[in-house]
Amino acid sequence: MELAATIEEQAKSSREAALLVNARDELQLCVSLRQAHQSIVRHFEALLPGTRGATLTINNSRRMVEIAETWNCPEKLSDGFELDACCGLRAGRVRWRNPGLSEVNCTHFQGEAPESYLCMPLAAHGETLGFVYAECPSPEMAAQAEQKVSLLNEMVELASMSIASLNLKAKLENQSIRDGLTNLFNRRFMESALERELHRAARQKTSLALMIVDVDHFKMFNDTFGHEAGDAVLREAAECLRNSARAEDIVCRFGGEEFVIILPEIAKEVALERAELFRKKVSGIQMHFRGDPLRKISISIGLSMYPETAARGEDLIREADQALYQAKALGRNRVQLSKELSEASLAEA
């Protein structure tokens, strides 16, 4: 009898060790946070059969915790709550809640809290990332879970390192394609996105618009109010352009005070309307810097179209740039079509 129990215990330990190895190997293959969370909940469900649970992450503002993935539908668990609602996050370590052992409940539940559950913080490189929640529907399951403390800790460590690595990868990728001042896409990303969208437009036989946007009199603004105020203006204008764009539009910082907007699948007339909308929205910005009102902001826009203006990206940019210079020569705070588009519009009239 004792021999059979020993053999069964050894087999159980082997299965659990294999589960950890499999979890490590699978997490190393994950290329997205979604994949990682799906893998994590699968392995926690296998390690704690019969339980209900979830992985939860702290959002970008570091103020809220949100559910990433679940197993077996933990219906009482809230989705979206403040960090101090979780006793495990407050303690910074695995926290069990069992009747007679610890009667203090977390407050991240809808309605009455479960009898037995544990919250396991996810942390790596000194940063808390979220936590794993596991709910034990019966005292027997709770007892089994308590016997697996070392395994749970190892699984949490694997999960934490995987999520931290993917977060870092996403951050580095974001930094490589984003402008540091405005958080718009940068010129490098714009060039690859334009090439991609042009190929798509050619395949689907659709039109594409490209706008170059320039903040009027920006040097004078910098000289009068200082570079810090100038940076604030660029951030505000960038945010206005981003909020005014369609979901499919690609808004980029081209350099200095210039922006590029790529508008896929759009007719010339609609592109002109969108350009006027951008111009009016930016003109409506009311800015203060250090408590003092700043002068009005305005933009000039040069517009070129695929395929009417040009077929290649560099040609579209050149034509839009020339139209922008013409808009400035004509008094600024206006939208100007590229030469080919203007001539075509006159011919149509």
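## Pockets

A pocket here is an open set of grid points where a 1.4 Å probe fits, with protein on both sides within 12 Å along at least five of seven lines. In this predicted model, the second largest pocket holds about 150 Å³ of space. Its lining consists of Arg24, Leu27, Gln28, Cys30, Val31, Leu158, Met161, Ser162, Ser165, Leu166 and Lys169. Two elements, helix H1 (2-29) and H5, each give two or more residues to that lining. H5 gives the most, with six residues. By type, the lining splits into six nonpolar, three polar and two charged residues.

The largest pocket holds about 760 Å³. It is lined by 24 residues, and Leu33, Asn60, Glu127, Asn167 and Leu168 are the closest to its centre. The lining of the largest pocket comprises nine nonpolar, nine polar and six charged residues.

## Nonpolar cores

The largest nonpolar core has 36 residues. Met211 and Leu241 touch the most other members. At least two residues each come from strand E7 (208-215), helix H7 (218-225), helix H8 (227-244), strand E9 (258-264), H9, strand E12 (299-306) and strand E13 (335-337). H8 gives the most to this core, with seven residues.

Leaving aside neighbours within four places in sequence, Leu241 is in contact with Val213, Val251, Phe259, Ile261, Phe278, Val282 and Ile299. A second, separate core has 31 residues. Ala23, Cys30, Leu122 and Val132 are among them. Cys30 also lines the second largest pocket.

## Helix H9

H9 covers residues 268-283. At 1.5 Å a residue, its 16 residues should span 22 Å. The end C-alpha atoms lie 23 Å apart, which agrees.

Its buried residues are Lys268, Ala271, Arg274, Ala275, Phe278, Arg279, Val282 and Ser283. Phe278 and Val282 are also contacts of Leu241.

## Arg95

Arg95 sits in strand E4 (residues 95-97). Its relative accessible area is 9%. The cut-off for buried is under 20%, so Arg95 counts as buried.

Apart from neighbours within four places in sequence, Arg95 is in contact with Cys87, Gly88, Ser102, Val104, Cys106, Tyr117, Leu118 and Cys119.

Terms used:
Residues are numbered from 1 along each chain as its sequence is written. This is a predicted model: local features need pLDDT of at least 70, side-chain atom pairs count only at pLDDT 80 or more; totals for chains, interfaces and linings use all residues. Side-chain values use heavy atoms; hydrogens and water are left out. Helices (H or I, at least four residues) and strands (E, at least two) are DSSP runs, numbered from the N terminus. The expected span of a helix is 1.5 Å times one less than its number of residues. Buried means under 20% relative accessible area, exposed over 50%, partly exposed in between (1.4 Å probe, protein chains only). On a 1 Å grid over the protein atoms alone, a cavity is a set of points where a 1.4 Å probe fits but cannot get out, and a pocket is an open set with protein on both sides within 12 Å along at least five of seven lines; lining residues have an atom within 4 Å of a point. Grid points are joined across faces, edges and corners, and a volume is the space filled by probe spheres set on the points. Ala, Val, Leu, Ile, Met, Phe, Trp, Tyr, Cys and Pro count as nonpolar, Asp, Glu, Lys and Arg as charged, and the others, Gly among them, as polar. Contact means heavy atoms within 4.5 Å. A nonpolar core is a set of buried Ala, Val, Leu, Ile, Met, Phe, Trp, Tyr and Cys residues joined through side-chain atoms within 4.5 Å.
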